[in-house]
Amino acid sequence: MRKNVLNRIIVFRISVLSLLLSMVSCDFIEELPEANSQVDETPPTAFFTFTNGVEVETFNEVSFANQSSNATTFAWDLGDGTTSTEVDPFHTYAGEGSFTVTLTVSDALNQSATYSETIELIEPEAPAVPDPVLLNTDFDRLPKSSGSDCTCSGWINTDVGEQGESSSGNGSDVLKLDNAEPDHAYQEFAVVPNAEYRVEIPYLFQSDQAGDLPSSLEIRVLAGEGYVDGYTPVYFTDTTEIPQSGFGYATVAQIEEADNNLTIQVVDNPNSGDYRSFVFTFNSGANDSVALFIRGIGNSGPEDPADFARYGYASGDEEIRVDSVIITAVN
């Protein structure tokens, strides 16, 4: 009797043990790691920051700074179809837009992490172009570096012409181009590259067109790139400090070279006794400095052949009076 009971107890214990082992094998036993495997105790994390330019020319240029950790490889999707495997890529986008950038990083144990951020690129408004600064734009009679006061103060370059003479009219002093002389006005001033400028010049032809050699008023805007080699313009604030020769454009031939001219404007006698305003615009192109050159032309038989031989031009039969020069930026 005791033997049968003992046998039952043993069979019961064996059955319970088998049941427990079966339950463990079905639900609770994890797969053993592969041979030589390592636990990744420092998995990678992914993160980045970015900066872009603030100027109109650079707003679409983006620098990415990788802030990921524990990573050995980097896969960037820059949101415009461009990819990169650099640590810190630099990318120029085509223009404005919203771009979702995704960085996926991995480590040596093939663990990976991903971070995404949407960047907004908006082109800033172009800053207003300032008006250029010129000296003695009203042609007042002021002292100059040498000689008597003159409306030409600030407007002389004797390498390319004789000084325009002083006169009066239109309620103020004016610059006069007359007497079949190579009279001129010349001044250099700073500009913003690739900007538009408006020029307004009030003028008067003193008499109706007469004689065989009518006068014309010629106005040239000259590129700063055409200055003599090695010359850097200096912008003065006092007419007595401005040199009268040895700077900027050195010869009339250099002035008349086509490549040195941003624009050439010619005004003929309107046969009117009133002051009129001649208006035109020019683009500064690649220049950060230009020169304005004004002269009377039309006379091939001047009173002074020596002056004509030196400069190659002279005003014609009518006196031309220039009241002022007004130059403003077109924004």
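**Cavity, pockets and cores of the predicted model**

The lining of the largest cavity comprises five nonpolar, five polar and one charged residues. Here Ala, Val, Leu, Ile, Met, Phe, Trp, Tyr, Cys and Pro count as nonpolar, Asp, Glu, Lys and Arg as charged, and the others, Gly among them, as polar. The model is predicted, with local features requiring pLDDT of at least 70 and side-chain atom pairs counted only at pLDDT 80 or more, whereas totals for chains, interfaces and linings use all residues. Residues are numbered from 1 along each chain as its sequence is written, and side-chain values use heavy atoms, with hydrogens and water left out.

The structure holds one cavity of 30 Å³ or more. The space in the largest cavity is about 50 Å³, and its lining is formed by Lys144, Ser145, Cys152, Ser153, Gly154, Trp155, Ile156, Thr239, Ile242, Pro243 and Gln244. Cavities and pockets were defined on a 1 Å grid over the protein atoms alone: a cavity is a set of points where a 1.4 Å probe fits but cannot get out, a pocket is an open set with protein on both sides within 12 Å along at least five of seven lines, and lining residues have an atom within 4 Å of a point. Grid points are joined across faces, edges and corners, and a volume is the space filled by probe spheres set on the points.

The largest pocket has a volume of about 370 Å³. Of its 26 lining residues, Glu188, Phe189, Val234, Tyr235 and Phe236 lie nearest the centre. Strand 11 supplies the largest share of this lining, five residues; strands (E, at least two residues) and helices (H or I, at least four) are DSSP runs numbered from the N terminus. By class, the lining has 20 nonpolar, four polar and two charged residues. The second largest pocket, of about 260 Å³, is lined by 14 residues, with Glu57, Ala126, Pro127, Val129 and Val192 nearest its centre. Nine of its lining residues are nonpolar, two polar and three charged.

The largest nonpolar core contains 33 residues, and Leu217, Leu292 and Ile294 have the most contacts inside it. Strands that each supply at least two residues of this core include strand 10 (172-177), strand 13 (216-223) and strand 16 (289-297). Strand 12 gives the most, with five residues. Such a core is a set of buried Ala, Val, Leu, Ile, Met, Phe, Trp, Tyr and Cys residues joined through side-chain atoms within 4.5 Å. Apart from this core lies another, of 16 residues, among them Phe59, Trp76, Val105 and Leu121. Beyond its neighbours within four places in sequence, Leu292 is in contact (heavy atoms within 4.5 Å) with residues including Trp155, Phe189, Ile219 and Ile327.

Ser289 is located in strand 16 and counts as buried because its relative accessibility is 2%; buried means under 20% relative accessible area, exposed over 50%, and partly exposed in between (1.4 Å probe, protein chains only). Its side chain makes a polar contact with the side chain of Tyr227 (3.0 Å). A polar contact is a pair of N or O atoms within 3.5 Å; within protein, one must be able to donate a hydrogen and the other to accept it, and residues adjacent in sequence count only if both atoms are side-chain atoms. Phe90, in strand 5 (residues 90-92), is partly exposed at 49% relative accessibility. Phe90 and Ser63 are 27 residues apart in sequence and 4.6 Å apart in space, C-alpha to C-alpha.
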